[in-house]
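This report walks through one protein chain. Please keep the sequence and the model open while reading.

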Amino acid sequence: MTLPGLAETSAFVAVLEEKSFSRAARQLDLSPPRVSELVRQLEMRLGVRLVERTTRSVAPTAAGERLLAQLKPALDDYRTALEAVDDFRDKPAGQLRLTVAPPAIDSDMVAVLARFLAAYPQISLEVSAESGLVDIVAGRFDAGIRAAERLERDMIAVRVSESVPMVAVAAPGYIAQRGRPRTPRDLAAHDGIRIRFGSGATASWRFRLGRRTVEVPVSGRLVVNDAPMAIDAAIAGAGLLQMPRTMVARGLADGGLLTVLDEFQPPALDGFFLYYPSRRQLRPPLKALVEFLRQARRERRR
């Protein structure tokens with residue numbers, strides 16, 4: 001049997017990861033017919049069907065699932081081996097894919113990433129903002145940025161921000177119409193804008209009562225799954241909102257939002273961390289990003 005080529009195996013892995021021939025084609029910079037042809041060639045070489053195709057879905061067969069599990073780490077090692085020659089270049093090159101919690105992408109972080117791209121013109125960066133937990137290995141992400149309490153134990157974590165205070169906010173018009181809550185118990189008479197994660201759970205509201213930090217039930221007629229949408233709704237007067245201060249800083253600065261219940265706010269979040277699997281060899285582009293973020297944090301603390 002003639003061994004399959006890298007193009008065939010790469011097309012097979014991309015199709016099953018993207019669950020689509022067209023999306024795999026965009027990832028590989030090929031046409032969908034060419035990707036389909038490469039997968040068919042692989043199946044013919046191996047003499048077994050690997051991918052079940054319908055007009056609406058793409059899924060691995062039992063043989064395809066087993067082959068995918070073996071090929072993914074091998075292709076990752078292949079890419080890492082090729083990128084190791086970056087040690088002999090003036091600057092590393094390649095693509096980085098990050099999954100990032102929306103609260104971590106404030107204006108400061110965007111500015112840092114822009115400076116990183118300017119410093120490393122041969123690195124490209126793809127950022128996927130997702131509120132839910134993401135398996136960065138299965139999703140073929142190089143790293144992620146999340147709050148400390150949402151990191152898995154087998155990850156290497158690098159702090160990229162200081163602690164982040166929480167605030168409860170509302171538009172001046174909402175406060176004029178509905179009144180300002182004086183204690184967390186007053187929230188029972190107010191509309192709270194709630195955020196639903198990809199897991200289906202809604203973000204809890206926490207407040208400090210005496211020496212304790214407790215979750216306070218909040219009702220409201222508006223539930224969204226997007227933080228910027230929730231902020232826009234709060235500015236429009238749809239209800240109260242609890243959010244990391246960095247995410248509503250612009251609304252507070254221009255007067256579109258006012259803080260409420262300041263004396264009851266919970267302890268600040270323990271900041272955000274860049275994380276990646278401990279078992280994965282650090283690729284040169286990711287190594288450059290880790291050091292750049294560390295240096296940016298040191299500069300902010302001066």
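Helix H1 passes helix H3 in a left-handed crossing. A crossing is left-handed if the near helix is turned anticlockwise from the far one by less than a right angle, and right-handed if clockwise. Helices (H or I, at least four residues) and strands (E, at least two) are DSSP runs, numbered from the N terminus.

This is a predicted model: local features need pLDDT of at least 70, side-chain atom pairs count only at pLDDT 80 or more, and totals for chains, interfaces and linings use all residues. Residues are numbered from 1 along each chain as its sequence is written, and side-chain values use heavy atoms, with hydrogens and water left out.

Two packed helices are described by the angle between their axes and the distance between the axes. Here, axes are lines fitted to C-alpha atoms, for helices over the stretch in contact, and angles run from 0 to 180 degrees between N-to-C directions. H3 covers residues 32-46, and its axis comes within 8 Å of that of H1, crossing at roughly 110°. H1 and H3 are therefore roughly perpendicular to each other. Angles under 35 degrees count as roughly parallel, over 145 as roughly antiparallel, 65 to 115 as roughly perpendicular and the rest as oblique.

H1 (residues 6-18) also packs against H2 (residues 21-28), at an angle of about 125° and with the axes 8 Å apart. That makes H1 oblique to H2. This crossing of H1 and H2 is right-handed.

Towards H2, the H1 residues are Ser10, Ala11, Ala14, Val15 and Glu18; they meet Phe21, Arg23, Ala24, Gln27 and Leu28.

Buried means under 20% relative accessible area, exposed over 50%, partly exposed in between (1.4 Å probe, protein chains only).

| Residue | Relative accessibility | Class |
|---|---|---|
| Glu8 | 4% | buried |
| Gln41 | 25% | partly exposed |
| Thr61 | 12% | buried |

Glu8 sits in H1. Its side chain joins that of Arg45 in a polar contact of 3.0 Å. A polar contact is a pair of N or O atoms within 3.5 Å; within protein, one must be able to donate a hydrogen and the other to accept it, and residues adjacent in sequence count only if both atoms are side-chain atoms. Beyond four places in sequence, Glu8 is in contact with Leu38, Gln41, Leu42 and Arg45.

Gln41 belongs to H3. Not counting residues up to four places away in sequence, Gln41 touches Glu8 and Arg34. The C-alpha atoms of Gln41 and Thr246 are separated by 51 Å.

Thr61 lies in the loop between strand E2 (58-60) and helix H4 (62-83). A polar atom of the Thr61 side chain lies 3.0 Å from the backbone nitrogen of Gly64. Leaving out residues up to four places away, Thr61 touches Arg49, Leu50, Val51 and Glu52.

H7 spans residues 227-235, and its buried residues are Ala227, Ala230, Ile231, Ala233 and Ala234. Seen down the axis of H7, these fall within an arc of 160°, so they line one face of the helix. The arc is that of the directions from the helix axis to the C-beta atoms. The buried residues of H7 pack against strands E8 (194-195), E11 (223-224) and E12 (241-244), and against helix H8 (245-253). At the start of H7, a side-chain oxygen of Asp226 reaches to within 2.9 Å of the backbone nitrogen of Met229. Just after H7, Gly237 has a positive phi of about 95°.

In H8, Met247, Val248 and Gly251 are buried. Their arc is within 60° seen down the axis of H8, so they line one face of the helix. Exposed Arg250 and Ala253 are on the face turned away from the buried side of H8. The cover over the buried residues of H8 includes strand E7 (166-170), H7 and E12. Just after H8, Gly255 takes a positive phi of about 85°.

## The whole chain

The chain has 9 helices and 14 strands. Of its 302 residues, 42% are buried. Its C-alpha trace spans about 75 × 50 × 35 Å along the principal axes.

Key
Contact = heavy atoms within 4.5 Å.
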